[in-house]
Amino acid sequence: MQAKIDITDLEIVELSEDSDISYFSCGNVELDTFLANIAKIAQMENTSRTHLAYLNGDLVGFFSLICDNIARKYVDAEYQKENYGHKVYPAVKITRLAVHREYQGKGIGHALLYYALGVVYALQRYAACRYVIVDAKPDAINFYKKIGFRSNIAVKNKYLLYFNYNEFRTKYETEIDAGS
Ligand SMILES: CC(C)(COP(=O)(O)OP(=O)(O)OC[C@H]1O[C@@H](n2cnc3c(N)ncnc32)[C@H](O)[C@@H]1OP(=O)(O)O)[C@@H](O)C(=O)NCCC(=O)NCCS
């Protein structure tokens, strides 16, 4: 098992026009190409918001978020019983998340996921978001499930995973109240 890094050593900043992203490689061509060629344009056009993670000055990971929604029929049946009069729930989608290949297996991926959930926590003050969703690559499904993402059997083959933000908020607020 690889040694985990101290996640408080990570510096996470918003992608800017000046960011040097030329040396990032996670081993997935689609994700690497997105960061190298598309992310800055999408940032300017407000079609995707990318955040970069640095460790001791090295770019070690990134994730991108957009506003989205998830059809009510795709979430767990237990959540469909609520008195909710709309066909979709508001959601934030993690459109991309990757860790540099030399830094994988050190806890950075989960640190980025928690950071993304924290971003949604801040957003909640201004706009409601019930779910955090991701179209996971087949190899990464368990990576997301480990921290509470679920998939609905009806969309299993599409690997649409969803995380009920209300559960995270309850846990997070309990921890803050407990002073942890
Ligand atoms: C998937 C990815 C983001 C994981 O990041 P990482 O920094 O290597 O993951 P972490 O070290 O934070 O791992 C956290 C936990 O998830 C597990 N895990 C990591 N990758 C996994 C995978 N592909 N499948 C299942 N479990 C995985 C780890 O074993 C670890 O478990 P533990 O807490 O019990 O030790 C990274 O491997 C990556 O960038 N891969 C290529 C791009 C990719 O597939 N991105 C996902 C797009 S949907």
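**Note on the predicted model**

1. Strands S2 and S3 (residues 58–71) run antiparallel and are joined by 7 bridges. The model is a predicted one. Within this pair, Ala53 stands opposite Gly61 in S3. The two strands form a hairpin with 2 residues between them, and Asn56 in the turn has a positive phi of about 50°.

2. S2 (residues 49–55) also pairs with strand S1 (residues 10–14); this pairing is antiparallel as well and has 5 bridges. Here Glu11 stands opposite Tyr54 in S2.

3. Overall, the protein contains 5 helices and 7 strands. Along the sequence these elements follow the pattern β-α-β-β-α-β-α-β-α-β-β-α.

4. On dimensions, a compact globule of 180 residues would have a radius of gyration near 16 Å, and the value of 17 Å for the protein therefore agrees with that expectation. Its C-alpha atoms fill a box of roughly 50 × 40 × 35 Å along the principal axes. Of the 180 residues, 25% are buried. Among contacts between residues at least 6 apart in sequence, 66% join residues at least 24 apart.

5. The ligand is surrounded by 21 residues, of which Gln104, Gly109, His110, Asn142 and Phe143 are the closest. By class, this shell comprises 9 nonpolar, 8 polar and 4 charged residues. Strand S4 (88–99), helix H3 (108–123) and helix H4 (141–145) each supply at least two residues of the shell.

Definitions and conventions: Residues are numbered from 1 along each chain as its sequence is written. This is a predicted model: local features need pLDDT of at least 70, side-chain atom pairs count only at pLDDT 80 or more; totals for chains, interfaces and linings use all residues. Helices (H or I, at least four residues) and strands (E, at least two) are DSSP runs, numbered from the N terminus. The radius of gyration is taken over C-alpha atoms; the globule rule is 2.2 Å times the number of residues to the power 0.38. A residue is buried if 20 or more other C-beta atoms lie within 10 Å of its own, exposed if 12 or fewer, and partly exposed in between; C-beta atoms are placed from the backbone. Two residues are in contact if their C-beta atoms, placed from the backbone, lie within 7 Å. A residue is near a molecule or strand if its C-beta atom, placed from the backbone, lies within 6 Å of it. Ala, Val, Leu, Ile, Met, Phe, Trp, Tyr, Cys and Pro count as nonpolar, Asp, Glu, Lys and Arg as charged, and the others, Gly among them, as polar. Two strands pair if DSSP finds at least two bridges between them.
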